[in-house]
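Student: I would like to learn how to read a protein structure one feature at a time. Could we begin with pairs of charged side chains, and then move on to the sheet and the helices?

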Amino acid sequence: MQAAAPPLETDLRGAYPQVGPLVQLRYVARQLQLFQPRLARSDQAGNLLTRYRGRGMNFEEVRDYQAGDDVRSIDWRVTARTGKTHTKLYQEERERPVVILLDLRSPMFFGSHRAFKSVAASGIAAALGWAGLLHSDRIGALLFSDREIDTVRPRRSHHAVLAMIHSMVARAGELHSPIAENGGHSLKTLLEEARRIARPGSALFLISDCHDLNEPCSQPLYLLSRQADLQVIRVTDPLERKLPAQSMTITDGLQRTFLNAVNRPQRDAFAKEQARLHTEVEQLCRRHRLPLLDFDNTKPLVPELMSFYGSHQKNNWYKNSNRRQS
């Protein structure tokens, strides 16, 4: 009798990500579709169609011969029928480099239940990296901490995804407070740095809590969106949107503050300000026509990924696989 397969350890929890579960997400990634097939702009061979003209696999159209056209592409049948030289045009198959822009600054070191934002963000990054690799794309990353930016150059290799996983586990492991010591980089810096490694036609995934995705980021967002397809993935905790009704003590690691449950005006003011900040991010993304996906770090990661990137059939696959493991 064949032994049952061990359950996948993909339910990320706690304050720090671990390498094992992030590697296991490669099995879940088989069920993810990161983007609909579209016209790409890269100049490397791969699977997505582009507007580049060349001797690819898919015929596009026939047009009048122009000086400089490859004589091997002349359509002799149309030429004989019309008495005028015509050329066949093809769409080349080209790859789409995938670059993960992962925010691992101090504000990501927060969570009220299940997992910190940094842990959920690391899981999303790993799943997207594995999914891109399974689609034969080159995978790269920019890992953004308070003081450093780690670069994983795009490669079509599982070593690139593993390098990203080990780097983000190391960076997330350095976090110890949601308050950065002596300040730190802004999200604008990460977006400006992304232009350095994102080639035209790249697919970029910005994974952050977006607490400082504001008007100063508008210019780098505009420049990035002109040369690449950018998706914004916002990882938030419900406690950041609305304070609980019960009294509680909170701390930033240095000072403690008591929040009185009867102070409803304070709770309302907090919720109103957080709603304003969330709306500001949404308006900024809408202005630049950027997809914005919201992930709740207090919910299981895999179903959330499936809800955004998996089809109905793939969601059923996930439920059935969990049923077999239980």
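Student: Are Glu-240 and Lys-117 buried or exposed?

Tutor: In this predicted model, both Glu-240 and Lys-117 are buried. For Lys-117 the relative accessibility is 1%, and since buried means under 20%, that residue counts as buried.

Student: What do the side chains of Glu-240 and Lys-117 form where they meet?

Tutor: The general idea is that side chains of opposite charge can pair when their charged atoms come close. Here the side chains of Glu-240 and Lys-117 meet in a salt bridge, with 2.6 Å from N to O. Because Glu-240 lies in helix H7 (residues 238-241) and Lys-117 in helix H3, the pair ties together parts that are 123 residues apart in sequence.

Student: Which residues is Lys-117 in contact with, leaving aside its neighbours within four places in sequence?

Tutor: Lys-117, which has its place in helix H3 (residues 117-134), is in contact with Pro-107, Met-108, Phe-110, Asp-209, Val-235, Thr-236, Asp-237, Glu-240 and Asn-297, once those neighbours are left aside.

Student: How many salt bridges does the structure hold?

Tutor: The structure holds 14 salt bridges, and two further pairs show how to read them. The side chains of Glu-193 and Arg-196 meet in a salt bridge of 2.6 Å, N to O, and both residues lie in helix H5 (residues 187-197), three residues apart, which is about one turn of the helix. Glu-193 is partly exposed, with a relative accessible area of 23%, and Arg-196 is also partly exposed, at 46%.

Tutor: Another pair is Arg-287 with Glu-215, whose closest N and O atoms are 3.1 Å apart in their salt bridge. This pair links distant parts of the chain, 72 residues apart, with Arg-287 in helix H8 (residues 264-287) and Glu-215 in the loop between strand E6 (202-208) and helix H6 (218-227). Arg-287 has a relative accessible area of 47% and is partly exposed, while Glu-215, at 44%, is partly exposed as well.

Student: Which residues are linked in a network of salt bridges?

Tutor: Asp-103, Arg-105 and Asp-212 are linked in such a network.

Student: Now for the sheet: in what order do the six strands of the open sheet stand?

Tutor: The order here is E5-E4-E3-E6-E7-E10, in an open sheet with mixed pairing. Strand E5 (149-155) and strand E10 (292-296) stand at the edges with a single partner strand each, so one side of each is left without a neighbour in the sheet. On average, and with direction ignored, neighbouring strands of this sheet are turned by 15 degrees against each other.

Student: How many bridges join strand E3 to strand E4?

Tutor: Strand E3 (residues 98-103) and strand E4 (residues 139-144) run parallel and are joined by six bridges; Val-98 stands opposite Ile-139 in E4.

Student: Which strands does H3 touch where it packs on the sheet?

Tutor: Helix H3 touches E3, E4, E6, strand E7 (228-236) and E10, and its direction makes about 150 degrees with that of E7. Helix H8 also packs on the sheet, touching E7 and E10, with its direction at about 170 degrees to that of E7.

Student: And how should I read two helices that pack against each other?

Tutor: Two packed helices are described by the angle between their axes and the distance between the axes. Helix H1 (residues 19-29) and helix H4 (residues 158-173) pack at an angle of about 150 degrees, with their axes 10 Å apart. That angle makes H1 roughly antiparallel to H4, and the crossing of the two is right-handed. Val-19, Leu-22 and Val-23 in H1 meet several residues of H4, among them Leu-162, Ile-165 and His-166.

Student: At what angle do the axes of H1 and H3 cross?

Tutor: They cross at roughly 50 degrees and come within 8 Å, and H1 and H3 are therefore oblique to each other. The contact involves residues of H1 including Leu-25, Arg-26 and Ala-29, and residues of H3 including Ala-126, Trp-130 and Leu-134.

Methods. Residues numbered from 1 in each chain as written. Predicted model: local features only at pLDDT ≥ 70, side-chain atom pairs only at ≥ 80, totals over all residues. Heavy atoms only, no water. Helix = DSSP H or I, 4+ residues; strand = E, 2+ residues; numbered from the N terminus. Buried < 20%, exposed > 50% of the residue type's maximum accessible area, 1.4 Å probe, protein only. Contact = heavy atoms within 4.5 Å. Salt bridge = Lys/Arg side-chain N within 4 Å of Asp/Glu carboxyl O. Pairing = 2+ DSSP bridges. Axes fitted to C-alpha atoms, helices over the stretch in contact; angles between N-to-C directions. Parallel < 35°, antiparallel > 145°, perpendicular 65-115°, else oblique. Left-handed = near helix turned anticlockwise from the far one by under 90°.
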